[in-house]
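Keep the sequence and the 3D view at hand.

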Amino acid sequence: MIPHRASFPEGFVFGAATAAYQIEGSSFGGAGPSHWDTFAATPGNVKHADSGAIACDHYHRWAEDLDLVKAAGFDAYRFSTSWSRVMPDGVTINPEGLDFYDRLVDGMAARGLRPFLTLYHWDLPAALSDKGGWRNRETCHRFGDFTEEVIRRIGDRVETVATINEPWCVAWLSHFLGAHAPGLRDIRAAARAMHHILLAHGVAIERLRALGQKNLGIVLNFDHASPASDRAEDLRAAAVQDAIFNRWFAQAIFQGSYPDLALEGLAPHLPPRWQSDLPLIGQKLDWLGVNYYTRHIHAAAPDTAWPATREVPGPLPKTQMGWEIYPEGLQGFLTRLERDYTKGLPLYVTENGMANDDHADIPDTVRESFIAGHFQAAQNAIAAGVNLRGFFYWSLLDNYEWAEGYEKRFGLVHVDYNTQVRTPKASWHALQRALARN
Ligand code: FCB
C-alpha cells in the first residue's frame, strides 16, 4: 500500500512531472524544429521512428491534463518550457509559444496547483544544434537569453525554477553513448558538453538572480553504481562510473571542482580555461532536484578505451525499460547528497517512476508497489535527517519516451495514441487515496 500523505512531514509536496517535448506535440503552435525532431527523423535512432510531433497533443488538451493532476490530489505540477517553441530559430521569439506557457501557469493557479518549472528538458532548437549545440560555448549564452524571456513572461507565477534537467543525459548519454540527440559518440564532444551544460546552468542562475527570481535549483539524475565483484578492477569500474554519473555535476556545483577519477579521461578534452568557469557554476542554489530510477552493475573492460568499463545484467526484478527495481538506491543517494554535498539544503525527488506494458483495462498493481517502495525509501531518508521537501512521480501521462518512442509507458494515466483518450490507471486511483486529506 502507498504510504498516506499523513505519514510524511507537514507541508511535504506531492507532484506529478512531465516534459514539453514528451507531451505537447512539437508540430503545433509555431514551434521550430528541435534536435529531437531531426534525431528522430534519422533511421535507427528511435524505435518505430516515432517523434514528438503529436505526442499527447497536450498543446491542445492541457486543461484536461491539469484536471487529472488536480483530481489525483497532487499539490504541484512539474513541467518544462520548450526552447524551440519559445524561440523557433533559437533566437527570435514566437509569441504563440510564450502565450501557451502563460495559459498553462494560469491554468495551474486556477486549480490551486503549484508550478515547478524546468527551463530545459532537452528540446534544443535545431538552428543552435547546427552551430555545435552543447559543444559550443555560445549556446550557454543563448540559453541565458531564453531563460530571461521565459521568466519575464511567467516568472511571477512559478514557485520554483530548475535550469536544466539531467545534465548527465544532455552530455554523456547524448554525446558519448550516442543514445539521445544529437547521437554523438565522441569523447571530445562529451567533455565539452559535460562542461558547457554546467556553464549554461551558471549563466542562467546569474540572470535569474539579476531578475530577482526566487527558489532556484537544478535537477540532477543519479544511478547507483554497483561493482560486478569485489575484485579491484571491478571496484574501480564502479567508482569511475560513479564519478562520471553521480559526482561530476554535484561536485562542480557544491564543491567547485570535478572528480579526479573522471578528469583522468576527460581533462584533455575540456575547453580551454575551464577552471575559470567554476565559480559561476558553483553559485549558491536554493534547492536540488533528484531524479532516481535504478542502479547499474559495472565491470572492468580492460580491452576498451577509457573509461574501460562495461555493464553487467543484474538479478533484481526489472521494469519495461529493463531497469532493476532498487528503492534502496534512492535512500542511499538522498542520505549521501545530504552528507557530502547539500548539507541541509532542501531536496526534492523531482522524478521517480516506472515503465510498464500497460493497457487501459488492466490494473498496474506493479506500479503501486513500485511507488510504495520508493515513498518508503524517501521516508527512511527523512527519518535519517535528510531535508527532503517533496516527491514528484514520473510521469502524469504515458508519453514519448525519447529513443524508446511510445512503447514504454510511465504514466499514471493511460494514453491511447490513436484517439488521445486519457484513462487513469489503478496506480492513479491508489495515489488519489494516499493523497486524500482526511
Ligand atoms: C528521465 C527523463 C524523463 C523520462 C524518464 C523516464 O531520464 O528526465 O524525461 O524520460 O527518464
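Q: Where is the place of Ala55?
A: This is a predicted model. Ala55 has a positive phi of about 50° although it is not a glycine. Its place is in the loop between α2 (35-40) and α3 (58-72).

Q: In which loop is Pro182?
A: Look for a cis peptide bond. One joins Ala181 and Pro182, with omega about 10°. Pro182 sits in the loop between α8 and α9.

Q: Where is Pro307 found?
A: The peptide bond from Trp306 to Pro307 is cis. Its omega is near 10°. Pro307 lies in the loop between β6 and β7.

Q: Is α13 roughly parallel or oblique to α14?
A: Helix α13 (residues 328-342) and helix α14 (residues 365-383) pack at about 30°, with axes 8 Å apart. Angles under 35 degrees count as roughly parallel. So α13 is, relative to α14, roughly parallel.

Q: How many charged residues has the contact of α13 with α14?
A: Leu330, Gln331, Leu334 and Thr335 in α13 meet His374, Ala377, Ala378, Asn380 and Ala381 in α14. By class, this contact has 5 nonpolar and 4 polar residues. The number of charged residues is none: it has no charged residues.

Q: Why is α9 oblique to α10?
A: Helix α9 (residues 187-210) and helix α10 (residues 232-255) have axes 11 Å apart. Angles under 35 degrees would count as roughly parallel, and 65 to 115 as roughly perpendicular. α9 is oblique to α10 because their packing angle is about 40°.

Q: How many nonpolar residues are in the contact of α9 with α10?
A: From α9 come Met194, Ile197, Leu198 and His201. From α10 come Ile244, Trp248, Phe249, Ala252 and Ile253. The contact has 1 polar residue and no charged ones. The nonpolar count is 8.

Q: Is the crossing of α5 and α7 left-handed or right-handed?
A: The axes of helix α5 (residues 95-111) and helix α7 (residues 138-154) come within 10 Å and cross at roughly 45°. The two helices are therefore oblique to each other. The handedness with which α5 passes α7 is right-handed.

Q: How many charged residues has the contact of α5 with α7?
A: Leu98, Asp99, Tyr101, Asp102 and Val105 in α5 meet Glu149, Val150, Arg153 and Ile154 in α7. By class, there are 5 nonpolar and no polar residues. The charged residues number 4.

Q: Which element supplies the largest share of the lining of the largest pocket?
A: About 940 Å³ of space lies in this pocket. At least two lining residues each come from α8 (167-175), β5 (216-227), α10, β6 (287-300) and β7 (309-312). The largest share is 6 residues, from β6.

Q: How many nonpolar residues are in the lining of the largest pocket?
A: The lining has 39 residues, and nearest the centre lie Trp168, Leu173, Leu177, His296 and Trp323. By class, 10 are polar and 7 are charged. The nonpolar residues number 22.

Q: Which residues that line the second largest pocket are the closest to its centre?
A: About 270 Å³ of space lies in the second largest pocket. Its lining has 14 residues. The closest to the centre are Arg5, Pro9, Glu10, Gly11 and Arg437.

Terms used:
Residues are numbered from 1 along each chain as its sequence is written. This is a predicted model: local features need pLDDT of at least 70, side-chain atom pairs count only at pLDDT 80 or more; totals for chains, interfaces and linings use all residues. Side-chain values use heavy atoms; hydrogens and water are left out. Axes are lines fitted to C-alpha atoms, for helices over the stretch in contact, and angles run from 0 to 180 degrees between N-to-C directions. Helices (H or I, at least four residues) and strands (E, at least two) are DSSP runs, numbered from the N terminus. Angles under 35 degrees count as roughly parallel, over 145 as roughly antiparallel, 65 to 115 as roughly perpendicular and the rest as oblique. Contact means heavy atoms within 4.5 Å. Ala, Val, Leu, Ile, Met, Phe, Trp, Tyr, Cys and Pro count as nonpolar, Asp, Glu, Lys and Arg as charged, and the others, Gly among them, as polar. On a 1 Å grid over the protein atoms alone, a cavity is a set of points where a 1.4 Å probe fits but cannot get out, and a pocket is an open set with protein on both sides within 12 Å along at least five of seven lines; lining residues have an atom within 4 Å of a point. Grid points are joined across faces, edges and corners, and a volume is the space filled by probe spheres set on the points. A crossing is left-handed if the near helix is turned anticlockwise from the far one by less than a right angle, and right-handed if clockwise.
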